Amino acid sequence: MSLRDWLKFGWLKEHKTSRREIADLFAVADRDLKACRTPDLVPDWQFNIAYNAALQVASAALAAAGYEAERANHHYRVIHSLEFTIGVEASVIRKFDVFRKKRNITDYERADTVSEMEAEDIRHLAET
């Protein structure tokens, strides 16, 4: 499987990026990495903000490869594209995908589902 295959399946579309776009995505990630460390911020929000930082970096890698994810399963595709864009190990992608599912729960269904350790884990993933 490759990003070209994903394009054929309609999971991605071709995208011409620019230095500005990549810089902007990294600026959002930097802002979010700083914001997720706000004192007294509940772990749910620390987690969600750090998750967004990691997603922006993954989006930048996908854009740099000449693609963007379609709307359907957008986060899933961006995360799993890391295998092809920057060679992230499968174990890290699986962990990031678990975080994606956790983020959906804490964002849309229930509060107080994220531990301090989980918030630190996604922050570390985003920084890495």
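Contact is taken here as heavy atoms within 4.5 Å. Helices (H or I, at least four residues) and strands (E, at least two) are DSSP runs, numbered from the N terminus. The model is predicted: local features need pLDDT of at least 70, side-chain atom pairs count only at pLDDT 80 or more, and totals for chains, interfaces and linings use all residues. Residues are numbered from 1 along each chain as its sequence is written, and side-chain values use heavy atoms, with hydrogens and water left out.

Helix α6 covers residues 90-108. Its expected span is 1.5 Å times one less than its number of residues. For the 19 residues of α6 that gives 27 Å, and the end C-alpha atoms are 27 Å apart, which agrees. The buried residues are I93, F96, D97, F99, R100, K102, R103 and T106. Their cover includes α3, α4 (74-80), α5 (82-85) and α7 (116-127).

Two packed helices are described by the angle between their axes and the distance between the axes. Axes are lines fitted to C-alpha atoms, for helices over the stretch in contact, and angles run from 0 to 180 degrees between N-to-C directions. Angles under 35 degrees count as roughly parallel, over 145 as roughly antiparallel, 65 to 115 as roughly perpendicular and the rest as oblique. The axes of α3 and α6 come within 10 Å and cross at roughly 135 degrees. The two helices are therefore oblique to each other. Their crossing is left-handed; that is, the near helix is turned anticlockwise from the far one by less than a right angle, whereas clockwise would be right-handed. On the α3 side, the contact is made by D44, W45, F47, N48, Y51, A54, L55 and A58. These meet F96, F99, R100, K102, R103, T106 and D107 in α6. By class, this contact has eight nonpolar, two polar and five charged residues. Ala, Val, Leu, Ile, Met, Phe, Trp, Tyr, Cys and Pro count as nonpolar, Asp, Glu, Lys and Arg as charged, and the others, Gly among them, as polar.

Helix α3 (residues 43-64) also packs with helix α2 (residues 19-35). Here the axes come within 8 Å and cross at roughly 165 degrees. That makes α2 roughly antiparallel to α3. The crossing is left-handed. From α2, the contact takes in E21, I22, L25, F26, V28, A29, R31, D32, L33 and A35. Their partners in α3 are I49, N52, A53, Q56, V57, S59, A60, A63 and A64. This contact divides into 13 nonpolar, three polar and three charged residues.

Within α2, D32 is buried, at a relative accessible area of 5%. Leaving out residues up to four places away in sequence, D32 touches I49, N52 and A53. A61, in α3, is buried as well, at 13%. Under that sequence limit, A61 touches L82, T85 and I86.

Backbone angles were examined next. Most residues other than glycine have a negative phi. D40 is not a glycine, yet has a positive phi of about 65 degrees. D40 lies in the loop between α2 and α3 and is exposed, at 82% relative accessibility. D112 also has a positive phi, of about 60 degrees. D112 sits in the loop between α6 and α7 and is exposed, with a relative accessible area of 66%.

Terms used. Buried < 20%, exposed > 50% of the residue type's maximum accessible area, 1.4 Å probe, protein only.
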